[in-house]
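Thank you all for making the time this morning.

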Amino acid sequence: MNEKFQSLSQEKQQAVINAAMEVFGKNEYKRASTDLIAAKAGISKGLLFYYFRNKKELYLYIYNCLIETMQEQILDEKFKEITDFFDLLRYATTLKVQILERYPFILDFAMRAFYSEREDVSDELKNVNTMQEDVLFQLCFGHIDTSKFKEEVEPFKVYKMLRWMGDGYIHDVQMSGAEFQLDEMMKEFEEWMDMFQMLVYKDEFRKK
């Protein structure tokens, strides 16, 4: 925990987090300017480095903040009551939209961070990501009703394929230079889930 940063008001913390997510999300790590982060956050660069010893510490703090935010926002009481795999994904998706409203640059930052290569933070991110994916799946989907799946199907693999499809969709949009439209992706994701449900669920549990 960063006690100096945590002593700030929630409003000021969020300003720094959003500024860092925006700058790190739009630029490679080495090209991301801490001067720009400080300016967007409305603080001096000296004050930014009072809270964080260096750029790397700031980046890793923001990444951990991303993980904690997703967990805290999504794992509510209703989430724990939903036992259908696809219903749970749908509910989690609606909650992620709410997170995007609070942290508008979280998606850009998450995508760039997840696929970071040959940068000063890449090794640390890979270690965190490798450990987190299995842990997060068990945390989020450990209570689902697996009896609905066909015997030969592993729910974790279905989850990973859907995640890869989402990542690929976002990558295609970014490469095309088009503006990302969350509503459009939500429609696509709903169609993907319907198709997967038909493929991986037993007949009596398929969506009619």
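I will start with the overall picture, then turn to the aromatic rings, and end with a few individual residues.

Please keep in mind that this is a predicted model, in which local features need pLDDT of at least 70 and side-chain atom pairs count only at pLDDT 80 or more, whereas totals for chains, interfaces and linings use all residues. Residues are numbered from 1 along each chain as its sequence is written, and side-chain values use heavy atoms, with hydrogens and water left out.

The chain has 11 helices and 0 strands, where helices (H or I, at least four residues) and strands (E, at least two) are DSSP runs, numbered from the N terminus. Along the principal axes, the C-alpha atoms fill a box of roughly 60 × 40 × 30 Å. Of the 208 residues, 41% count as buried, and buried here means under 20% relative accessible area, with exposed being over 50% and partly exposed in between, for a 1.4 Å probe and protein chains only. The chain exposes about 12200 Å², of which carbon and sulfur atoms supply 52%; accessible areas come from the Shrake-Rupley method with a 1.4 Å probe, and for residues only the protein chains shown count as cover. If we take the contacts (heavy atoms within 4.5 Å) with a separation of 6 or more, residues 24 or more positions apart account for 68% of them.

Now to the rings. A pair of aromatic rings is described by the distance of the centres and the angle of the planes. Rings of Phe, Tyr and Trp (its six-membered ring) pair if their centres lie within 6.5 Å, and planes under 30 degrees apart count as stacked, over 60 as edge-to-face and the rest as tilted. How many aromatic pairs does this rule give? The count comes to 24 aromatic pairs. Take F24 and Y29: their ring centres are 6.1 Å apart and their planes are at 10 degrees, so this pair is stacked. Both partners are buried, F24 with a relative accessible area of 1% and Y29 with 6%. F85 and F86, by contrast, form an edge-to-face pair, with 5.0 Å from centre to centre and 90 degrees between the planes, and F85 and F86 are both buried. Ring pairs also link F85 and F86 with F137, F141, F149, F156, Y159 and Y201 into a cluster.

K55 lies over the face of Y29, at 4.7 Å from the ring centre, and the charged end of K4 sits over the ring of Y50, 4.5 Å from its centre.

Let me move on to polar contacts, meaning pairs of N or O atoms within 3.5 Å, where within protein one must be able to donate a hydrogen and the other to accept it, and residues adjacent in sequence count only if both atoms are side-chain atoms. D84 is placed in the loop between α6 (77-81) and α7, and at 8% relative accessibility it counts as buried. A polar atom of the D84 side chain lies 3.1 Å from the backbone nitrogen of F86, while a polar contact of 2.9 Å joins the side chains of D84 and K148. Not counting residues up to four places away in sequence, D84 touches K148 and Y201.

Within helix α7 (residues 85-102) we find R90, which is buried with a relative accessible area of 19%. Its side chain makes a polar contact of 3.1 Å with the side chain of D194, and, leaving aside neighbours within four places in sequence, R90 is in contact with E190, M193, D194, Q197 and K207.

C65 is buried at 11% relative accessible area, and C140 is buried at 15%. The structure holds 0 disulfides, a disulfide being a pair of cysteine sulfur atoms within 2.5 Å.

Terms used:
Lys NZ or Arg CZ within 6 Å of the ring centre and 35° of its normal.
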